[in-house]
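I opened this entry to keep track of what I looked up, one topic at a time.

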Amino acid sequence: MTADEVRSKLDRAKEGDRQDFLVFSERESAQIYYDDQGKVTAISIDYLGDNSKAPTAEAVLGTALEPKADGSMYQLNRYPDAGYWVSYNRTAGDKPIVTITMQKM
């Protein structure tokens, strides 16, 4: 998609030349990145805190992740035939941040 197509579908985006930032709630935000031609190259979504309703790693990656001792989790899956990768990252602590990123290879 182009930046114009994305912006026509999403309200409230703070627009930049190569990146848009959206805040959906106090617990969910997203960033959309564009290349030199204005085409989407990556989407990154952040979920803040335990009550953020972030999707599970299994829902995103197709497989469950075993948390580390501190509760953090990370995995990146590459899909070269499709031309992108997806990562799932959960920080440690009482108020974790889950970041899900999809990027063109």
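My notes below go from the overall chain to single residues.

**Ground rules.** I am working with a predicted model, where local features need pLDDT of at least 70, side-chain atom pairs count only at pLDDT 80 or more, and totals for chains, interfaces and linings use all residues. Residues are numbered from 1 along each chain as its sequence is written, and side-chain values use heavy atoms, with hydrogens and water left out.

**Overall chain.** I looked up the secondary structure first. The protein chain has 2 helices and 7 strands. Helices (H or I, at least four residues) and strands (E, at least two) are DSSP runs numbered from the N terminus. The order of elements from the N terminus is α-β-β-β-β-α-β-β-β. The C-alpha trace spans about 45 × 35 × 20 Å along its principal axes. I noted that 32% of the 105 residues count as buried. Buried means under 20% relative accessible area, exposed over 50%, and partly exposed in between (1.4 Å probe, protein chains only). The accessible surface is about 7,000 Å², and 48% of it belongs to carbon and sulfur atoms. That area comes from the Shrake-Rupley method with a 1.4 Å probe; for residues, only the protein chains shown count as cover. I also checked contacts, meaning heavy atoms within 4.5 Å. Among those between residues at least 6 apart in sequence, 29% join residues at least 24 apart.

**The sheet.** In what order do the strands of the open sheet lie? I read E1-E2-E3-E4-E7-E6-E5, with antiparallel pairing. Two strands pair if DSSP finds at least two bridges between them. Strand E1 (14–15) and strand E5 (73–79) are the edges, each pairing on one side only. Strands of a sheet pair through backbone hydrogen bonds, either parallel or antiparallel.

I then went through the strand pairs.
- E2 (residues 19–25) and E3 run antiparallel and are joined by 6 bridges. Ser-25 stands opposite Glu-28 in E3. The hairpin from E2 to E3 passes through 2 residues.
- E3 and E4 (residues 40–48) are antiparallel over 7 bridges. Ala-30 has Ile-45 in E4 as its bridge partner. Their hairpin has 5 residues between the strands, and Gly-38 there takes a positive phi near 80°.
- E5 and E6 (residues 84–90) are antiparallel over 7 bridges. Asn-77 has Val-86 in E6 as its bridge partner.

I checked cover on E3 (residues 28–34): 5 of its 7 residues are buried.

**Ser-44.** I picked this residue in strand E4. Is Ser-44 buried or exposed? Ser-44 counts as buried because its relative accessibility is 8%. Its side chain makes a polar contact of 3.1 Å with that of Thr-101. A polar contact is a pair of N or O atoms within 3.5 Å; within protein, one must be able to donate a hydrogen and the other to accept it, and residues adjacent in sequence count only if both atoms are side-chain atoms. Leaving out residues up to four places away in sequence, Ser-44 touches residues including Ser-29, Tyr-33 and Ile-100.

**Cores.** A nonpolar core is a set of buried Ala, Val, Leu, Ile, Met, Phe, Trp, Tyr and Cys residues joined through side-chain atoms within 4.5 Å. The largest one has 9 residues: Tyr-47, Ala-57, Leu-61, Leu-65, Met-73, Val-86, Tyr-88, Val-98 and Ile-100. Helix H2 (57–61), E6 and strand E7 (97–104) each give two or more residues to this core. A second, separate core of 5 residues includes Ala-3, Leu-22, Ile-32 and Tyr-34. I also listed contacts of Leu-65 beyond four places in sequence: Ala-57, Met-73, Tyr-74, Gln-75 and Tyr-88.

**Aromatic pair.** My search of the whole structure gave 1 aromatic pair. The ring centres of Tyr-79 and Tyr-84 are 5.2 Å apart and the planes stand at 35°, so I logged the pair as tilted. Rings of Phe, Tyr and Trp (its six-membered ring) pair if their centres lie within 6.5 Å; planes under 30 degrees apart count as stacked, over 60 as edge-to-face and the rest as tilted. Tyr-79 is partly exposed at 29% relative accessibility, and Tyr-84 is partly exposed at 26%.

**Loops.** Lys-53 lies in the loop between E4 and H2. Its phi is near 65°, a positive value in a residue other than glycine. Most residues other than glycine have a negative phi. Lys-53 is exposed, with a relative accessible area of 77%. Glu-26, in the loop between E2 and E3, is exposed at 70%.
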